[in-house]
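Subject: Structure handover and notes

Hello,

Here is the structure I said I would pass on. Please look it over first; my notes follow below.

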Amino acid sequence: MTTETGVNLAKAKSFLESGELVGIPTETVYGLAGNAFDVNAVLKIFEVKERPIFDPLIVHVPDIEMVMKCVVDIPALAADLIASFWPGPLTIIFKKKNCIPDLVTSGLDTVGMRMPLHPLTLELLQDLQFPLAAPSANPFGYISPTSAQHVIDQLGNKIPYILDGGNCSIGLESTIIEIKEKTCFVYRLGGLTLEDLKKVANKVELRINSSSNPKAPGMLKNHYAPTKPFYIADINEVSFKYPDKKIAYLFFTKSNTAYFQNVESIALSTNQNLKEAAHSIFSLMRMLDGRNDIDIIVAETVPEIGIGRAINDRMRRAVTGI
Ligand code: TXA
Ligand code: MG
């Protein structure tokens, strides 16, 4: 199958209506989308991504009416969060209705839903009679794609169409939450910061899964990982330990550039801006993973505030072990 890329919404719509998959842009990362009501389309998503079927998918909607079609009820706090943050990088987990196939939710009785903030994808969703199940458009376990080219690089011959919406503005996946008895449980840190969540939700509790046996396997400890060794470590120790290796160093703090010759230092953000670091981290990891002249990637964590928490989370999950 050859993959076409473009901004033809009618084409994307017609592929989706006939049960095919389409790469879609969002403000977080690119998604691999299919009709969420069609088990066969959903099955294709798992096949193309080589994703284990125990890892549930997020369902993307154009409006609250579509949420109401798919879920049993919308808790008051969820409605407040929707009013404040949708469209945007917030996935909310609800009790599902039967129209959402069990395959989408890996047998759970809950479904994660979000309204993405991207003009092309919102228009597409508004034109469809069904919501779109879409995981990030990367092979399972690899770094999420933040441009159409990233999707072509890995899923190129496996899907018919990619809607090209440019580079993702945020660059990290959505924050995933569930409301239980007026408490907001956070399962994945992402594009929406804890600080922002706390402006609307009085009780916020972190339930970030870092075990090897999580309830939601997308939060598996090792995920978002390049194929090359990836470490969070003192760059000078690593370069001293591996003098014959070419090492790339993703740094955030200016004064931390390395002084060894086998190290190439690359700024996550030239002006130490966390949003810029979030925007560039996945594409830098991907670029370095693809370079033949780099053997090892080392990264420096960023301040644990705002979107910095999500950046650090992704870096830690990418670590291959030292
Ligand atoms: O930003 C995003 O969320 C992107 C874009 C495409 O929207 N999507 C994304 O999907 O990151 P994915 O499949 O890579 O990660 C979704 C994760 C799953 O791995 C799972 O951990 C969690 O969402 N999830 C989905 N449904 C769930 C449920 N019912 N209960 C708990 N976790 C759930
Ligand atoms: Mg993913």
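Two residues are said to be in contact, or to touch, when they have heavy atoms within 4.5 Å of each other. The model is a predicted one, in which local features need pLDDT of at least 70 and side-chain atom pairs count only at pLDDT 80 or more, while totals for chains, interfaces and linings use all residues. Residues are numbered from 1 along each chain as its sequence is written, chains are lettered from A and ligands numbered from 1 in the order in which they are written, and side-chain values use heavy atoms, with hydrogens and water left out.

Met 285 is in helix 9; helices (H or I, at least four residues) and strands (E, at least two) are DSSP runs, numbered from the N terminus. Met 285 has 0% relative accessibility and therefore counts as buried. Buried stands for under 20% relative accessible area, exposed for over 50%, and partly exposed for what lies in between, with a 1.4 Å probe and protein chains only. Not counting residues up to four places away in sequence, Met 285 touches Ile 143, Tyr 224, Pro 226, Phe 230, Leu 250, Ile 297 and Ala 318.

Axes here are lines fitted to C-alpha atoms, for helices over the stretch in contact, and angles run from 0 to 180 degrees between N-to-C directions. Angles under 35 degrees count as roughly parallel, over 145 as roughly antiparallel, 65 to 115 as roughly perpendicular and the rest as oblique. From helix 9 the contact takes in Leu 274, Ala 277, Ala 278, Ile 281, Phe 282 and Met 285, and from helix 10 Gly 308, Ile 311, Arg 314, Met 315 and Ala 318. By class, the residues of this contact are nine nonpolar, one polar and one charged. Nonpolar covers Ala, Val, Leu, Ile, Met, Phe, Trp, Tyr, Cys and Pro, charged covers Asp, Glu, Lys and Arg, and the others, Gly among them, are polar.

Aromatic pairs

Rings of Phe, Tyr and Trp (its six-membered ring) pair if their centres lie within 6.5 Å; planes under 30 degrees apart count as stacked, over 60 as edge-to-face and the rest as tilted. The count comes to three aromatic pairs. One of them is Tyr 224 with Phe 282, which is stacked because the ring centres are 6.0 Å apart and the planes are at 15 degrees. Tyr 224 lies in the loop between strand 11 (203-206) and strand 12 (230-232) and Phe 282 in helix 9 (residues 274-290), so the pair ties together parts that are 58 residues apart in sequence. Tyr 224 and Phe 282 are both buried. Tyr 249 and Phe 251 also form a stacked pair, at 6.1 Å centre to centre and 25 degrees between the planes; both are buried.

Helix 1 and helix 5

Helix 1 (residues 9-17) and helix 5 (residues 119-127) have axes 10 Å apart and pack at an angle of about 50 degrees, and are therefore oblique to each other. Helix 1 contributes Leu 9, Ala 12, Lys 13 and Leu 16 to the contact, and helix 5 contributes Leu 120, Glu 123, Leu 124 and Asp 127.

Backbone points to check

Most residues other than glycine have a negative phi, and most peptide bonds are trans. Trp 86 and Pro 87 are joined by a cis peptide bond, with omega about -10 degrees. Lys 182, not a glycine, has a positive phi of about 70 degrees; it lies in the loop between strand 9 (175-180) and strand 10 (183-188). Gln 272 has a positive phi too, near 50 degrees, and is partly exposed, with a relative accessible area of 35%.

Regards
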